[in-house]
Amino acid sequence: MPVESMGLGLPEDIEADEDAIRDSASDLLSTKNTMLGYSTDLEGTFLSAAGEFTDMIAWDITGASAQEIAAWRDVAEHLTHGAGTLTLYADAVADYREARSDIQSRWDEYKSAALGRIDEFGADTLTASGITQEAEEEQYLQNVRSTLLTEHSQAKADLDDATDDTKDALTNGPSSASWKRIE
């Protein structure tokens with residue numbers, strides 16, 4: 001195969017919208033902050049924010065029992081956990097895409113250098129190993145491809161692990177392991 005037509009062969013990019021994931025995490029935190037009475041201007045009070053939130057869900061927390069308040073706090077914890085989990089997943093998506101881009105860029109550089117050596121020395125020139133410059137560069141790029149695809153496989157495996165962790169954390173709720181990942 002001519003060096004010029006060689007490609008790296010990375011699979012298509014994943015279908016994940018990092019910005020939408022981060023927006024969802026932000027929405028969860030906004031809901032929690034509204035629910036708990038946190039105000040961005042620090043002038044809001046708990047009762048007014050709680051009243052605003054209870055208007056949305058038709059439950060007046062101002063007269064809630066201790067058990068209902070505990071449930072309210074549990075919901076806030078779940079919202080915090082969900083937001084942290086989504087943020088970690090968005091980070092994992094970004095890390096994968098950065099690694100994928102870096103791998104492709106390095107391939108492009110290696111291939112360009114190989115093509116440059118072919119142009120400089122001539123495709124049919126015999127090298128010290130007794131093969132043509134073209135054949136030597138092809139072998140070189142096959143080795144580079146193998147190494148880079150192994151790196152990509154590891155980056156994808158890391159993303160797959162993060163996907164599994166995210167599914168588990170969002171399905172099963174807060175655990176000590178998922179809180180540690182968030183911290």
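This is a predicted model: local features need pLDDT of at least 70, side-chain atom pairs count only at pLDDT 80 or more; totals for chains, interfaces and linings use all residues.

Student: How many helices and strands does the chain have?

Tutor: The chain contains five helices and zero strands. Along the sequence the pattern reads α-α-α-α-α.

Student: What share of the residues counts as buried, and what does the surface consist of?

Tutor: Of the 183 residues of the chain, 30% count as buried. The accessible surface is about 11200 Å², and carbon and sulfur atoms account for 50% of that surface.

Student: Which share of the contacts joins residues at least 24 apart in sequence?

Tutor: The count takes contacts between residues at least 6 apart in sequence, and 72% of these join residues at least 24 apart.

Student: How is a pair of packed helices described?

Tutor: Two quantities are used, namely the angle between the axes and the distance between the axes. In this structure, take helix α1, residues 18–36, and helix α3, residues 66–121. Their axes come within 8 Å and cross at roughly 160°. An angle over 145 degrees counts as roughly antiparallel, and α1 and α3 are therefore roughly antiparallel to each other.

Student: What is the handedness of the crossing of α1 and α3, and which classes of residue form their contact?

Tutor: The crossing of α1 and α3 is left-handed. Their contact comprises 16 nonpolar, five polar and five charged residues.

Student: At what angle do α3 and helix α4 cross?

Tutor: The axes of α3 and α4, the latter spanning residues 133–172, cross at roughly 175° and come within 9 Å. That angle makes α3 roughly antiparallel to α4. The residues of this contact divide into 21 nonpolar, seven polar and nine charged.

Student: I would now like to examine one residue. In which helix does Ala90 lie, and is Ala90 buried or exposed?

Tutor: Ala90 belongs to helix α3. A residue counts as buried under 20% relative accessible area; Ala90 has 0% relative accessibility and therefore counts as buried.

Student: Which residues does Ala90 touch, when residues up to four places away in sequence are not counted?

Tutor: On that basis, Ala90 touches Glu18, Ile21 and Arg22.

Student: How far apart are Ala90 and Asp23 in sequence and in space?

Tutor: Ala90 and Asp23 are separated by 67 residues in sequence, while their C-alpha atoms are 9.9 Å apart in space.

Terms used. Residues are numbered from 1 along each chain as its sequence is written. Side-chain values use heavy atoms; hydrogens and water are left out. Axes are lines fitted to C-alpha atoms, for helices over the stretch in contact, and angles run from 0 to 180 degrees between N-to-C directions. Helices (H or I, at least four residues) and strands (E, at least two) are DSSP runs, numbered from the N terminus. Angles under 35 degrees count as roughly parallel, over 145 as roughly antiparallel, 65 to 115 as roughly perpendicular and the rest as oblique. A crossing is left-handed if the near helix is turned anticlockwise from the far one by less than a right angle, and right-handed if clockwise. Ala, Val, Leu, Ile, Met, Phe, Trp, Tyr, Cys and Pro count as nonpolar, Asp, Glu, Lys and Arg as charged, and the others, Gly among them, as polar. Buried means under 20% relative accessible area, exposed over 50%, partly exposed in between (1.4 Å probe, protein chains only). Contact means heavy atoms within 4.5 Å. Accessible areas come from the Shrake-Rupley method with a 1.4 Å probe; for residues, only the protein chains shown count as cover.
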